[in-house]
Structures are given as structure tokens and as C-alpha cells.
Amino acid sequence: MKGFSKRTDSIQEYYFSQKLKEVNRLREEGKPIINMGIGSPDLPPHPSVVDALHQSSSLPTSHGYQGYQGIPALRTAYADFYQSHYGVNLLADAEILPLLGSKEGIMHISMTFLDEGDQVLVPNPGYPTYTSVTKMLLAEPVYYDLKSENGWYPDFDELEKKDLGKVKLMWVNYPHMPTGAKADLKVLEKLIAFGRKHHIIIVNDNPYSFVLEDNPKSIFQITGAKEVALELNSLSKTSNMAGWRVGFVAGKPEWITAITKVKSNMDSGMFLGIQQGAIAAMSLGRDWYGGLNEIYSKRRKLIWELAEKLGLEFEKDTAGMFVWAKLPQGKTSDELLDNLLYNKSIFVTPGHIFGTQGEGYIRFSLCVKEESIKEAINRLS
Ligand SMILES: Cc1ncc(COP(=O)(O)O)c(C=O)c1O
């Protein structure tokens with residue numbers, strides 16, 4: 001055995017893959033753990049979505065390999081969804097590629113565009129997968145800081161000062177996880193101008209656009225964005241389908257064809273029943289998202305109460321399914337995490353897993369029932 005690849009040595013097992021083993025061990029020991037860590041919706045999909053899966057999977061003809069670009073009805077459903085919710089026109093047959101969740105899309109996009117030694121702009125704080133995928137491809141993450149005093153938006157003056165010669169891709173994610181900064185069309189417009197000026201592909205990772213947001217945004221609402229940008233979207237959060245693994249990437253035909261070339265060598269399509277469920281999910285109207293947001297909004301108020309009890313500071317005008325809260329000066333996120341986990345059986349996410357700018361913060365998920373949040377508040381009393 002001559003050892004693992006450089007790419008394996010360049011990364012660590014995903015934080016939750018490790019930490020949830022510890023959380024589950026505590027649970028097995030009988031600890032009444034309240035998990036406010038991960039953003040996996042606890043609510044079910046709409047009944048019509050589950051019905052579509054049932055109906056499809058009961059047919060003998062549903063169980064074979066499916067096409068590499070999904071069934072045409074799925075791509076049409078995605079295109080209709082973009083038209084009706086974002087006012088964006090996408091060509092169903094050329095500008096959309098269904099994915100097994102947007103996480104895998106981060107790998108496919110990176111494999112399509114990056115060579116060893118290329119550089120990638122990665123938000124700090126940001127979703128850890130942008131960094132690990134970049135490293136796995138032996139490319140180099142170049143972090144751009146997001147700061148609370150700048151509304152967690154990029155500082156374009158700072159970006160312009162960087163040596164951008166080797167930068168090929170830039171990861172962007174608004175509404176932003178973990179901070180909850182909302183998508184702002186003026187910022188997206190600046191990002192498109194930045195990408196165009198420096199010949200950098202801007203990829204907006206957009207799984208939270210409907211969560212605690214009445215006016216969902218897409219980067220393609222910016223004129224000319226298709227020349228410069230790709231967008232990932234997902235049914236995980238907005239349709240309560242995280243375990244189904246369904247999302248998609250949209251962009252200009254030439255780029256979608258190239259990503260398909262990579263992806264078609266890695267998996268063999270998506271189960272038909274899941275595609276039928278996704279079609280049903282995308283035909284739901286605004287009342288579906290409104291209903292979810294009523295629930296998330298009540299939960300968020302309770303989480304604010306919990307955060308106040310812990311002496312944390314947080315912003316209220318945010319989108320997405322998390323509360324991002326700042327610890328008092330001098331305290332570390334791991335200290336608070338351990339204190340809550342081992343003394344109160346409450347699991348939260350430490351901010352440092354999202355990058356150095358996340359140290360001194362913790363993230364609470366809203367995927368927790370009101371009763372459990374109330375119970376967590378009681379445990380602090
Ligand atoms: C910012 C961000 N991007 C992508 C993902 C992955 O989502 P999916 O379930 O579509 O793979 C997540 C999941 O937590 C996320 O927070």
C-alpha cells in the first residue's frame with residue numbers, strides 16, 4: 001500500500017460527519033440531545049410530492065436507469081419555476097442540468113473548470129464544501145472576507161487588490177449561509193461586473209432563496225449574468241426534501257454541456273420517482289413557502305430568546321434557516337459549544353467551521369420544533 005492520494009490528505013472528514021457520531025453517542029448514553037446543529041428540515045414535503053413518488057415507484061417501468069439530464073418534464077418544471085418565481089427565462093433543454101443535490105454540483109462545476117494550481121475565490125465565512133472540493137482538485141482557495149460591518153457582503157475594494165491572474169471561479173451564496181445576509185440585487189450586479197472584468201466565473205449557490213424571504217432572488221435577474229454566472233438551486237431546504245437529493249445547476253448551454261460531460265461519467269441518472277416528486281414540488285405556489293415561513297418565523301423568535309439568554313448578539317433582518325449569533329468578546333465558539341453540549345445537551349454549530357471569520361460566532365438551526373426550543377430555553381434557566 002503506497003498511501004492515500006494527495007487529495008485525500010488535503011482534506012478532513014466533513015465536520016458533521018464526525019461530530020454527529022459524537023452527538024449520537026451521547027444520545028445512546030441517554031442524553032436528551034436537542035440538535036440545533038444541522039440545517040436538515042424536520043418538516044415533511046407537501047403530500048402531493050410524496051404521492052407522486054408513491055405512484056411512480058409502484059409502476060414496474062420506473063426502476064431502470066434514467067437519462068443523464070433528467071426527464072424533459074423535470075427540466076421544464078425547473079424552467080417554469082424560474083420563470084414564475086424569479087421572472088427568469090431558462091431554456092429547459094439547454095440551460096438546466098438536474099443534480100443529486102447542489103453539494104455534488106459544487107464538485108461537478110469545479111471539475112469542469114479547474115486544473116491543478118488554479119485559484120478559486122471562497123467566502124469566509126462560507127459553506128465548507130467550497131474549500132474542500134477546491135483542495136481535492138489540487139486547486140487553491142483564496143478567501144475573501146465577509147464582515148459584519150459590511151453586511152456580510154464582499155468588499156470589492158479588497159477584492160480588486162488581490163492578484164486575480166490565476167482565479168477562475170468565485171463562490172457566492174446569497175442568501176448567505178451561515179450569516180443569513182439577504183440576496184441584494186445591487187451586490188449581485190457588482191459581482192457580475194467583477195466576474196466580467198476579471199474573466200472569473202461567478203457561481204451563486206442559492207438553496208435558501210425562499211426561506212424567511214418573501215421576494216426570492218436569482219443571479220440571473222441581473223442583465224447579462226448568463227455570460228458570467230452559473231446558479232445552483234436545490235429542493236433540500238425549500239421543499240423539505242434534503243434526503244431526496246435533488247437540485248440543479250443553471251447556466252449558458254456551453255457550460256451546461258461541459259458540466260454534463262463530467263457528471264455523466266460519475267452517476268447514472270436520478271430515480272424516476274424522485275424526479276416525479278420534484279416536479280410536484282416545483283408546481284407548488286407561494287402559499288407553500290408562506291406556510292413554511294410562518295413556522296420558521298415563530299421558531300426564529302424563540303431562538304432569539306435563547307440567544308439572548310446566552311448573552312449573544314444577532315441581527316434580525318436575515319433570510320435562510322439559521323440564526324448567526326456573536327459571542328461576547330474573548331469567548332470561543334468551541335467553549336460555548338462544549339458547554340451547551342455536555343452540560344445542557346444542546347448541540348449548536350461553532351462558527352469557526354465556516355472559516356476564520358466565523359470564530360466568535362455560533363449558528364443555530366431553525367429545523368427544530370418549537371417545543372424543543374422552549375425546552376432548550378428552560379434548560380438555561
Ligand atoms: C450554502 C449551501 N450550499 C449547498 C448546500 C447543499 O445542499 P444540497 O442538499 O442541495 O446538496 C448546503 C447545505 O446545507 C448549503 O448550506
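Student: What makes up the span of residues 32-380, and how far apart are its end C-alpha atoms?

Tutor: In this predicted model, residues 32-380 are 39% helix and 16% strand, and the end C-alpha atoms lie 14 Å apart. The UniProt record, an unreviewed entry, places the feature "domain: Aminotransferase class I/classII large" at these residues. Across the protein there are 13 helices and 13 strands.

Student: Why does the radius of gyration agree with a compact globule?

Tutor: Set the two values side by side. A compact globule with 381 residues would have a radius of gyration near 21 Å, and the protein has 21 Å, so the value agrees. The C-alpha trace spans about 55 × 55 × 55 Å along the principal axes.

Student: How many of the residues are buried, as a percentage?

Tutor: Buried residues make up 55% of the 381 residues. The accessible surface comes to about 16800 Å², and 51% of that belongs to carbon and sulfur atoms.

Student: Why is T129 called buried?

Tutor: Buried means under 20% relative accessible area. T129 has a relative accessible area of 5%, so T129 is buried. You can find T129 in helix α6, residues 128-136. Leaving aside neighbours within four places in sequence, T129 is in contact with Y14, K103 and I106.

Student: Why is D155 called partly exposed?

Tutor: Partly exposed covers the range between the buried limit of 20% and the exposed limit of 50%. D155 has a relative accessible area of 31%, so D155 is partly exposed. D155 lies in the loop between β4 (140-145) and α7 (156-161). From D155 to P141 there are 14 residues in sequence, and the C-alpha atoms are 17 Å apart in space.

Student: Where is G269, and is G269 buried or partly exposed?

Tutor: Look in the loop between α9 (253-263) and α10 (272-282). The relative accessible area of G269 is 23%, so G269 counts as partly exposed.

Student: How do you know that G269 is in contact with Q66?

Tutor: Contact means heavy atoms within 4.5 Å. With neighbours within four places in sequence left aside, G269 is in contact with Q66, G67 and L100. The C-alpha atoms of G269 and Q66 are separated by 4.9 Å, while the two residues are 203 apart along the chain. For the whole protein, residues 24 or more positions apart account for 76% of the contacts with a separation of 6 or more.

Student: Which omega values go with the cis peptide bonds from Y174 to P175 and from M177 to P178?

Tutor: From Y174 to P175, omega is near 0°. From M177 to P178, omega is near 15°. P175 sits in the loop between β5 (167-172) and α8 (185-198), and P178 is in the loop between β5 and α8 too.

Student: What is the phi of L138, and where is L138 found?

Tutor: L138 has a positive phi of about 60° although L138 is not a glycine. L138 is found in the loop between α6 and β4. With a relative accessible area of 23%, L138 is partly exposed.

Student: Why is N240 called buried?

Tutor: Use the limit of 20% again. N240 has a relative accessible area of 5%, so N240 is buried. The place of N240 is in the loop between β7 (229-234) and β8 (247-250). N240 is not a glycine, yet has a positive phi of about 55°.

Conventions: Residues numbered from 1 in each chain as written. Predicted model: local features only at pLDDT ≥ 70, side-chain atom pairs only at ≥ 80, totals over all residues. Heavy atoms only, no water. Helix = DSSP H or I, 4+ residues; strand = E, 2+ residues; numbered from the N terminus. Rg over C-alpha atoms; globule rule 2.2 N^0.38 Å. Buried < 20%, exposed > 50% of the residue type's maximum accessible area, 1.4 Å probe, protein only. Areas by Shrake-Rupley, 256 points an atom, 1.4 Å probe, with all protein chains shown as cover. UniProt positions renumbered as here; feature names shortened; annotations may be inferred.
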